[in-house]
Amino acid sequence: MTPRLLPLLLPLLLLLLCGPPAVQPAPPTCYSRMLSLSREITGDFQSLQATEPVEPCVRYLPGLYLDIHNYCVLAKLRDFVASPQCWKVAQVDALKDKVRKLYTIMNSFCRRDLVFLSDDCSALDYPTPVTTTAPDRQG
């Protein structure tokens with residue numbers, strides 16, 4: 001290589017070494033998007049309920065514990081968005097927007113990907129208990 005080409009190749013070499021931006025993993029599937037959004041909504045609702053509400057109406061919002069495998073979840077999402085409590089409360093409006101988005105994804109874009117394993121509507125009224133101890137093994 002001639003010394004004159006080296007200054008021209010240096011920027012090209014740096015560009016190649018830096019490479020393209022990090023490769024993103026595969027785009028989310030409909031199922032993974034529904035699952036992550038439902039978990040995010042449930043977490044947001046629980047933190048909204050746990051904090052000292054600025055508005056007393058937060059106490060009267062319908063429960064929102066989502067399981068996308070439960071057939072009743074679509075009605076639960078509809079009911080939450082339609083609930084008249086907490087109009088113009090920023091946190092609740094943001095939560096309702098996420099719920100509306102999940103409903104649209106489940107009812108339109110990902111309808112064919114849904115598999116309902118349950119239709120127990122009362123299971124969506126309360127959070128599922130988290131087990132902190134390992135089950136006993138019988139030997």
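Phenylalanine 45 is classed as buried because its relative accessibility is 2%, where buried denotes under 20% relative accessible area, exposed over 50%, and partly exposed in between (1.4 Å probe, protein chains only). The structure is a predicted model, in which local features need pLDDT of at least 70, side-chain atom pairs count only at pLDDT 80 or more, and totals for chains, interfaces and linings use all residues. Residues are numbered from 1 along each chain as its sequence is written, and side-chain values use heavy atoms, with hydrogens and water left out.

Aromatic pairs were assigned to rings of Phe, Tyr and Trp (its six-membered ring) with centres within 6.5 Å; planes under 30 degrees apart count as stacked, over 60 as edge-to-face and the rest as tilted. By this rule, the count is three aromatic pairs. The pair of phenylalanine 45 and tyrosine 65 is edge-to-face, because the ring centres are 5.6 Å apart and the planes stand at 85 degrees. Phenylalanine 45 belongs to helix α2 and tyrosine 65 to the loop between α2 and α3, so this pair ties together parts that are 20 residues apart in sequence. Helices (H or I, at least four residues) and strands (E, at least two) are DSSP runs, numbered from the N terminus. Tyrosine 65, at 17% relative accessibility, also counts as buried.

Phenylalanine 45 forms an edge-to-face aromatic pair with phenylalanine 80 as well, with 6.1 Å from centre to centre and 85 degrees between the planes. Phenylalanine 80 lies in helix α3 and phenylalanine 45 in helix α2, so the pair ties together parts that are 35 residues apart in sequence. The relative accessibility of phenylalanine 80 is 1%, and this residue therefore counts as buried. Phe45, Tyr65 and Phe80 form one aromatic cluster.

Helix α2 comprises 21 residues (30-50) and reaches 30 Å from its first C-alpha to its last, close to the 30 Å expected at 1.5 Å a residue; the expected span is 1.5 Å times one less than the number of residues. The buried residues of α2 are Met34, Leu35, Leu37, Ser38, Ile41, Thr42, Phe45 and Leu48. Their cover includes α3 (73-82) and α4 (90-109).

Serine 38, found in helix α2, counts as buried because its relative accessibility is 4%. Leaving aside neighbours within four places in sequence, serine 38 is in contact with Leu66, Ile68 and Leu102, contact meaning heavy atoms within 4.5 Å.
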